[in-house]
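Subject: Structure handover and what was found in it

Hello,

Please find the structure below, together with its sequence. I would be glad if you kept it open while reading the notes that come after it.

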Amino acid sequence: MSFEIVSQAHCFGGTQFVYSHASRETGTPMRLAVFIPPQANGGKVPVVWFLSGLTCTEENFTVKAGAQRVASELGLILIAPDTSPRGEGVPDDPEGAYDFGLGAGFYVDAVQEPWTRNYRMRSYLERELPGLVAENLPADMGRQGITGHSMGGHGALTLALRNPERFKAVSAFAPIASPMNCPWGEKALSNYIGPDRAAWRDYDACALIEDGARVPDILMDQGTADGFLDSQLRPQLLEAACTRAGQPLTLRMQEGYDHSYFFIATFIEDHLRWHAERLGR
């Protein structure tokens with residue numbers, strides 16, 4: 001199966017694409033944004049995945065973060081998938097809330113109806129999409145990193161902790177540090193996974209670390225002026241879990257920064273250089 005080009009534009013010597021494809025896992029068309037740096041003209045190059053947060057599509061990071069200039073310098077492919085399945089017949093939050101359903105797949109495989117058919121973002125990102133990337137892009141799949149923001153920060157941390165052999169570097173911007181212990185996460189996991197909290201542990205970075213999962217190190221930035229800091233993000237829970245387990249974590253509390261893409265745009269260069277160093281540019 002190949003990607004269909006939705007759009008492409010020359011950018012910092014490379015090319016910014018938006019692709020679409022029919023997904024076996026979600027049963028829907030899926031879109032992803034991919035920046036290919038100029039170094040890919042000479043062979044395969046490392047990959048950094050960016051997982052976006054609630055309400056976002058593949059477009060938010062691509063348009064707002066300003067990451068392409070640094071990725072072009074460092075020779076990194078950037079891949080930004082959508083955050084959930086979309087389309088005719090895909091169920092959404094019955095009350096139209098922003099924090100569940102469309103745009104809020106939480107990077108899980110749902111086991112509760114009516115979500116099971118389409119909401120399979122874990123399998124989509126762990127199995128299906130990497131295979132398509134390997135087949136269709138000049139990507140060195142032996143050198144992959146992952147990062148993300150908010151709900152996507154949760155996704156990046158949990159995907160990396162479950163797949164340490166795949167991801168050589170992991171970072172996060174203002175992640176939902178422990179979905180089992182915040183309103184956003186409790187709503188999503190109870191609806192997608194069900195009432196058994198033990199089954200939620202695969203989707204909680206703190207629980208995964210408590211259960212023995214490890215990565216070489218984690219870089220995490222969190223703004224002190226983030227309106228979701230105390231109620232939803234709770235970085236102190238991840239810091240405590242890492243301290244207890246001996247999991248290396250660099251947590252940077254950034255004074256005065258909020259939850260917006262201005263925060264991400266400010267620190268994305270640091271994160272991409274962190275990844276490039278670990279991916280052996």
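What follows is a description of selected strands, side chains, rings and backbone angles.

Please keep in mind that this is a predicted model, in which local features need pLDDT of at least 70 and side-chain atom pairs count only at pLDDT 80 or more, while totals for chains, interfaces and linings use all residues. Residues are numbered from 1 along each chain as its sequence is written, and side-chain values use heavy atoms, with hydrogens and water left out.

Let me begin with two strands. Helices (H or I, at least four residues) and strands (E, at least two) are DSSP runs, numbered from the N terminus, and a residue is called buried under 20% relative accessible area, exposed over 50% and partly exposed in between, using a 1.4 Å probe and protein chains only. In strand 8, which covers residues 218-223, six of the six residues are buried, so this strand is largely enclosed by the rest of the structure. Two strands are said to pair if DSSP finds at least two bridges between them. Strand 8 pairs in the parallel sense with strand 7 (residues 167-173) over three bridges, where S171 stands opposite L219, and it also pairs in the parallel sense with strand 9 (residues 249-254) over six bridges, where G223 stands opposite Q254.

Strand 3 (residues 29-36) is joined to strand 5 by four bridges and runs antiparallel to it, with A33 opposite A80, whereas strand 4 (residues 45-51) is joined to strand 5 by three bridges and runs parallel, with V47 opposite I77.

Two residues in helices come next. E128 lies in helix 3 (residues 121-136). Which side chain of opposite charge is nearest to E128? It is R24, at 4.2 Å, and E128 is buried yet has no salt bridge; Lys and Arg count here as positive and Asp and Glu as negative, while His and the chain ends are not counted, and a salt bridge needs a side-chain nitrogen of Lys or Arg within 4 Å of a carboxyl oxygen of Asp or Glu. If contact is taken as heavy atoms within 4.5 Å, and residues up to four places away in sequence are not counted, E128 touches H21, A22, S23, R24, E25 and S123.

The aromatic rings deserve a separate look. Rings of Phe, Tyr and Trp (its six-membered ring) pair if their centres lie within 6.5 Å, and planes under 30 degrees apart count as stacked, over 60 as edge-to-face and the rest as tilted. By this rule the count comes to 15 aromatic pairs. In one of them, the rings of F100 and W115 have centres 4.7 Å apart and planes at 80°, so the pair is edge-to-face. Both F100 and W115 are buried. W115 also pairs with Y192, with centres 5.9 Å apart and planes at 90°, so this pair too is edge-to-face. Because W115 lies in the loop between strand 5 and helix 3 and Y192 in helix 5 (residues 183-192), the pair ties together parts that are 77 residues apart in sequence. Elsewhere, ring pairs link F50, F61, F173, Y257, F263 and F267 into a cluster.

Finally, some backbone angles. Most residues other than glycine have a negative phi, and most peptide bonds are trans. The peptide bond from E113 to P114, however, is cis, with omega near 5°, and P114 lies in the loop between strand 5 and helix 3. Y107, which lies in that loop as well, has a positive phi near 60°, and T55, in the loop between strand 4 and helix 1 (59-64), has a positive phi of about 75°.

With best wishes
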